[in-house]
Structures are given as C-alpha cells and as structure tokens.
Amino acid sequence: MSHEYQRMTLSRPPTRGEVLSDRWFRWSTFGFGVAVIGLLIAILLEIGSQALPAMREFGLGFLADREWDPNKNDFGILPQIWGTLYSSVLALLVASVFGLAVAIVISQNFLPRWLEQVLKNVIELLAAIPSVVYGLWGIFVVIPALRSLLAWFGVPPSEVSSSMLPAALVLAIMVLPTITAVARDAIVSVPVKLKEAAYGLGATRWECILGVVLPTAATGIFGAIVLAFGRALGETMALAMLIGNSNVLSLDLLSPGNTLAALLANSIPEAGGMQLSALMYAAVVLLFITLAVNIVGSLILMRANRNLLGGHA
Amino acid sequence: MTTIDTYIDASPVGDVAIDLHLEKVWYGDFLAVRDTSIPIEKGSITAFIGPSGCGKSTALRCLNRMNDLVHGFRFEGHVQFQGKDIYAKNIDPVAVRRYIGMVFQQPNPFAMSIFKNVAFGLKLNRYKGDMEQRVEGALRGAALWDEVKDKLQQSALALSGGQQQRLCIARAIATEPTVLLMDEPCSALDPIATRRIEELMVELKQHYTIAIVTHNLQQAQRVADKTGFMYVDTSDGGRCGHLVEYGATDELFASPKVAETQRYIAGEFS
Amino acid sequence: MSDLYAVAGLGSQPVAEQPRVNPPQLERNLRSVRNLVSAALSVIAVLLSMLAALPLFSVLAKLIAEGGASLSLQCFTEEPPTVMTAGGGFGNAIEGTAYMVSFGCLLAIPFGVMVAIYLAEYGLKRRLAVVIRFTTKVLTGMPSILAGVFAFGVFVLGVFGRPSPFAGGVALAILMLPTVILTAEEAIRSVPAKMKHAAVGMGCTASQVTWKVTLPTAMPGILTGVMLAIARAAGETAPLLFTAGFSFYFFDWSEPNSPMSSLSVLIYQFASSFAERQQSLAWTAALVLVCFVLAVNLIGQFIISRSPMSRR
C-alpha cells in the first residue's frame, strides 16, 4: 500500500513575500486604528490651542457673560448656551411624544405589516434630508404656516418670524428618526413572554403596552432621548437659518435666539483675533456638552442592553 | 474513583504520515485532552470516536494547528510530520495547513462561484498549470462533477448541504495535500449524502492519508482502517478527554479490550 | 381558597362566600371604560404617527413644486446668477460637491476599512480595540460643524491661509470616517466564522483570509455603509461653510487654493436672498441634492438586498 501511495503534492509553503506582506498589512491596520485615536486628540488639541488666548482672557466668566461685542472685545456665550439647551429641550419634548408614538405603532401590530414598513421607511427618510434643506423648508413653509396658525390666537403675523418656535419644531422633526429608531429597538427587544404574561392575565393592548412593554423598555427609550438630545445640541444649519441669530436670553417662544453651533457658522468666516479665539472657546464648550451627553446616552443604552440580557439569563 | 484502563496497539502497519503525540492540551485553565498518541498511517483512514466532549475534535485540530485560532490554547507534546515537529518554534502554522487540508463539520463554501471555490487553494499555492483541468479533476474526485459541470459560475451557496460538503472536499483535495483531516464531515447531512461521502472517503484513501472524527460508529466501521476511542475522564473534577483504546477497526469493534469501549460500542452511552 | 384569590389580586373579599349567579361575560363590551381607553389611545397613537410622517411629504411636495418649476438643463451647466442677473444655474456647486465628496471618500474609505479590519479581525480581543471603538462612537456624536472648525484651524488658518476644496474634503472625510468604520466592522463581523476557518484550514495567512474571503464576502455591507456616508457627506453644509467657502464661479484648477462652491452651501447662501432667481435656484439645488441623497440611499439598500449573505 505504501508504494502505491507515492505522489506529488501541489502544496507550497507561503513565500517570503506572502509572510512579509501579511505582517506589514496587520501592522498597518493597527496603525490606522491608532490614527483614529490620534485624529480625535488632534481635533481636541487644535480647537483647544486656538481657544487658549480666549480662555486665558475670559476664564470661566465666558460662560456666564451675556455680551458678544467684537468692537469692545467683550465676549460671552450665556445666550448661546441657553439657546442651545432651550431649543434642544423644546425639540425633544415634541419629538419624544411623536417619536415614541411611531415606535409603538410600528412595533405592536397596530397596522398591517406593509404599512408598518412604509411608515418606518418614511421616518428613516426624514433623517436622510439634509439639514440645510430643512432650513429652507422652515423659512418658506413652517414660518408662514405658523403665522396663519397663530393669527387665529390673535398673534399679529408681523411678530412671527425667525425665532425659537420654528427652530425647535424643525429640530424636532430632525431628531425624531433617532428617537423612533432607538426606541423601537428597545421596544422590540422586550421579551415576548412578558407580553404574553400580560395578555394572559386579561390585559387590553394598551394595558400591556403601558404596564409591561414601556416600563421594560424604559431604560432604552430614555437612552434614545438622550442620544437625540446630543444630536439636537450639535445641529447647525437649520437652526442658523431659523432661530434669528440674536443674542437674546428669553423664555418667549417667539423671541429670536442663538445657539453655539449657529454662532460658529455665522461668525467664523469673518472673525479674526480675539473674536476667533472666543469662537474656538465656544467650539470647545459645544464639544464638551455634546460629548458628555453622548457618552451618558451610550452608557444608558449599554446598561439597557445588559439589563435585558441579564433578564434572560 | 475509577481508573480507566487503556489498550493502545500502536504498532503501525504502513508508513506513518503524522505521528500525533499529545501530552496535554489546555484552553486557558481548562485541561481539555491528555495522553493521546496515535500514529496516523499513510494511505489509510484513521477514525477518532468517542462521546461528545471527549476531545476528539481537539485532537484532530492539533494535527494542522487549527487550534491556534482558539484563545488561550496551549499544547504540550509533539506532532511529527515529515520528520518535523509542527509545534516547533520555527514552524509556520500557515505552511503546515497547506500540506494538511481540512474538511469541517459544517459545510463552509466561500460566498463565490463553485469554480472559484475549488480554484481557491490552487491560486493560493500559485499553481501555474491548467486551472480548469485541475478544478474538474477535484470535482470528479469529490463525485460532484456531474451535478455542477453546467453551473460552475453559480454561487456555491446555492448548492444543497450535501453538495456543499462535497464541494468543500473538492476544494480541499484540489491542491492534493499530503493529509486530509475531516471533522465530523457528515454530521450536518442526510443519510444519502452521508453514504456518498463515505464512498468518496474510501476512494480517496488510494491517494490520501485521511483522519476523521465521527460520532457515528457505523461510519467508523464502514470506512476506517484504524480507530481510536477517546473517553472523558471526570475523576479529578475536570472533563479531560484522553485516548482509551486504539487499534485496527475490525478488532476494536469485534473484541474491545477496555470496559469503557465495550460499553460505548454497545450503545450504553453516547 | 379566599387567600388564594386575594393573592391573585382578585379582591380581598372572600369570593367563595358569594354565590356565583351570572355566567362569565365573554362578549365584546364596547362601552367598558378599559376598552374605550384602549381604543382612544390606539387612535391617538396612529394619528400622531401619521402626523410625524407629514413633514416628509410636505418637504418633498414643496421641493417638487418650487424646485421643479425652475429645473432646466441650464441649472446644471451654468454659474450662479448675481443679485442683478437673471438665468444661471449651479453647475459649479455640483462640481464642488462631487469633487469634495469624492475626495472625502478617497480619504475616508481606505482609512475606515483598515480600522474596521483591525477592530473586527486582528485586534478583536484587545483593549486597544475597545478604545478605538469608543473613539469612533465619540466621533459619530461630534457635531459636524466641529469637523469644519478643525479643518478650518489646520488648513485655512494654518497650511493654506484661505479656504480650499482640500480643507472641505478633509472635513467631509472626518464626518464619513465613523460611519464607514462602524458599518464596515459590522459587515466584517457578520462573515461566518466557518468561512474564515475554511480559509485558515487551507493555509491562508491572516491577511490572505481577510483579502480573499472576508472582504469579498463583507463587500455589500461595506458598500452600503459607504453609500450612507456619501449621502450624509453630500448634504453637509456646516463643515464646508468656512473650509471650502462659496464661489460664484467654476473652480479654477490652476488655482487649487481658492474657495469652492457646493450645493449645500449654495442653498444656504441663496435661501435668504432677496433676488427671486437666487431663491428659486436654492429650491432647485435642494431638489437635486435631495434626489441625489435619496438615490444613494436606495442604491445602498439595493446592494445589501443583493448580498449573498442576506439571501441565505
């Protein structure tokens, strides 16, 4: 038997070139991986170093100062911080209600399967429309619509123009897809056996949703809202086009305002000297607020996933 | 505590293709297999049988260093292949696997055409000859040619499970490796496909050395020349597999020497 | 017995003492409060959902009505009109968007795919991979205007001294990068381990497994991610505003360090214009931009649906 067995194999060991290029390739993926970290550090360093003169000059008082006057070299971003937070919170209030409604409707068998899919796609498409197009639409559709709507309540049309209300409404539309998508994931991952338990006890559909599904998915839904908050804080163009860009600190929905991102968009092109540094300081503030909110949101979502997995085990 | 006897009749009849001498295999802190030595003979089929978790797959995967992929894997012992210990420091596991091919439990064709699947190894080994002829030869060798000759450019993923597994065999034999390892190659297949692959194995042993892991005793009886029975030793609290009995297949099944082998062959546990 | 009922929440009164007179009522009772509340909530939820979908249709309708009205071939070939002139188009803005998005792809795709390969294959169990993934998520959440501020600081203030398509392209690449990394990692991870094992078992080196098996199999997923990134980058305005700037003219390639227009910045500039022709061009440019973005999204969906992985 062993004599019949003699034959040639086509197998060849890997060449030196194969071995070397393998090593080289693996090291270069490692290098690109490290470069991502380097990129983030470079962004922090670049913006931070540009902001340094303003940080030295104004200190933390920058955050509480209401003036932005290049002529007097007096800079503060309290109105912008306020406007950023206020517009985002308003937008979230609206978007949470609608986004959650959509998430429930497309996940709890309210509609025929095909209609669910259509609605889901439509909401996803909302996220695909560029910000600047929403700004354009806001100027020419939302503001005029608000004018005629508010006229019914006795508000003179001349008082309705670029302001917090249209900005927050459009912002709400822009973050709604985020809330819907993440909240839907949380709702879908509620174990079926929990829902069956509720139905088995004779609960109506909404008793089941409000009593079992939403509480179980609560952490995930909250994470969705926080992530949407992070997105709203950094949104630029639609707000820059709709909010009125004046450094006013007001609760009035029809008063114009400003946000950090809109301030950057409007002022950087013409800025120089200390004003530019102050803008970079504002960019640092924006960066830290959004980073903090995003990290909190991600942690909440991680925890939501872990809780659900823990529940299964 | 019961100690299990072992009966190893390791006097090889023909030349030895791979001399497996496994002392200890660890996955992290877990001692998976110990004391398993089998001379895998050229031009024959050697089967590893035993209950699940007895480490037969682990032992087989030590033969071409597939276990290197597992995190925390450590090997004590040696595996002699063509006069070299493949676990020696200066050995490239990639080169080892080019000479010792493998067919897996689950059919695993690549997401490309049938032709490209078979030609994959040829290209890898920089084969310069007539590619189409080689591919046809390998597909004929795997008894698949007639079924796929008209659709060589179609996706391999569209084939049935049995066809996919034969394609994987064709892919493995296209480069004519020195040894072919098969890890429960029929466990995902229906009886008819299983039968075809068994016939194929018997044909292939004319040219190849084959080592196969199977949980199917009849399969080992039908195809294997030599059989090793592995068993799990739980005496020290772990689940450590080791070789209990090894010898010619006919003898092992007709007159098993060790009590555990007898009970396993009698179907008292699986 | 009564204890049992109390535990089950069916009232603390000893139930067994009351003789059961009525048979259980199983018919639908439309007037019961519970059913009414449930029905009302359903109606409200469905209405809110429909209302949430309304803006998309309003945006599209307005785009088609306003933008379609002045859509003509001239829009794609001519330079924009000034406040005083009539006619014109946004050919230079299309050129700019196409150029800068392509440039962004050129930087972001190889970079992102290499990182994804590290994350999903070689660095899988390393702590560095966790840090890189975290960094990538941070970059995803970073406001797009900050990518512009960064590129502005490095290239406009620093290297070139003025806006250039290079700075704009880099800003877009920074925005595309995390999308490419995360989707490519996902796609590479979804390649079945058994396929990779087959390649390893044949004697492929680690990079041969990646190049010959993993990447071709993951390609539809990677391309879908690239399409998402392109769609996003094409619509971005904020990072281009002060990196590439705005120009009324076709780009002068002999002067590479000069402002380059883009569709999105043109829409922004013309949205608040008093000149009617500029306003209507803003709408037409928006229509073109949205069509492009939606088309790229659809192509992405199509690619993933044709993937051999999703067919099984």
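This is a predicted model: local features need pLDDT of at least 70, side-chain atom pairs count only at pLDDT 80 or more; totals for chains, interfaces and linings use all residues.

User: Start with A and C. How many residues of chain A are in contact with chain C?

Analyst: 65 residues of chain A are in contact with 65 residues of chain C.

User: Which helix of chain A gives the most to that side?

Analyst: Helix H1 (residues 16-58) of chain A, with 18 residues. By class, the side of chain A that touches chain C has 46 nonpolar, 14 polar and five charged residues.

User: And chain C against chain B? How many residues are in contact there?

Analyst: 18 of chain C, with 22 of chain B.

User: Which elements of chain C give two or more residues to that side?

Analyst: Three helices of chain C do: H8 (193-201), H9 (206-235) and H13 (308-311). H8(C) gives the most to the side touching chain B, with six residues.

User: Switching to cores. Which residues touch the most other members of the largest nonpolar core?

Analyst: Ala283(A) and Ile267(C) do, in a core of 189 residues. Helix H5 (residues 164-188) of chain A gives the most to this core, with 17 residues.

User: What is Ala283(A) in contact with, leaving aside neighbours within four places in sequence?

Analyst: In chain A, Ile47(A), Ala51(A) and Leu264(A). From chain C, Leu146(C) and Val149(C).

User: What about another core, apart from that one?

Analyst: There is one of 86 residues. Its members include Ala59(B), Leu139(B), Tyr231(B) and Ala199(C).

User: Now the helix pair. How do H4 and H7 of chain C cross?

Analyst: The axes of helix H4 (residues 91-122) and helix H7 (residues 165-189) of chain C come within 6 Å. They cross at roughly 35 degrees. The crossing of H4(C) and H7(C) is right-handed.

User: Why give both an angle and a distance?

Analyst: Because two packed helices are described by the angle between their axes and the distance between the axes.

User: Which classes make up the contact of H4(C) with H7(C)?

Analyst: 24 nonpolar residues, five polar and three charged.

User: Last topic, chain B. What's the mean pLDDT?

Analyst: The mean pLDDT of chain B is 87. 97% of the residues of chain B reach 70 or more.

User: Where is confidence lowest and highest in chain B?

Analyst: Lowest in strand S1 (residues 7-8) of chain B, at a mean of 79. Highest in strand S9 (residues 209-213) of chain B, at 93.

Terms used
Residues are numbered from 1 along each chain as its sequence is written. Chains are lettered from A and ligands numbered from 1 in the order in which they are written. Two residues are in contact if their C-beta atoms, placed from the backbone, lie within 7 Å. Helices (H or I, at least four residues) and strands (E, at least two) are DSSP runs, numbered from the N terminus. Ala, Val, Leu, Ile, Met, Phe, Trp, Tyr, Cys and Pro count as nonpolar, Asp, Glu, Lys and Arg as charged, and the others, Gly among them, as polar. pLDDT is the predictor's confidence in each residue, from 0 to 100. A nonpolar core is a set of buried Ala, Val, Leu, Ile, Met, Phe, Trp, Tyr and Cys residues joined through C-beta atoms within 7 Å. A residue is buried if 20 or more other C-beta atoms lie within 10 Å of its own, exposed if 12 or fewer, and partly exposed in between; C-beta atoms are placed from the backbone. Axes are lines fitted to C-alpha atoms, for helices over the stretch in contact, and angles run from 0 to 180 degrees between N-to-C directions. A crossing is left-handed if the near helix is turned anticlockwise from the far one by less than a right angle, and right-handed if clockwise.
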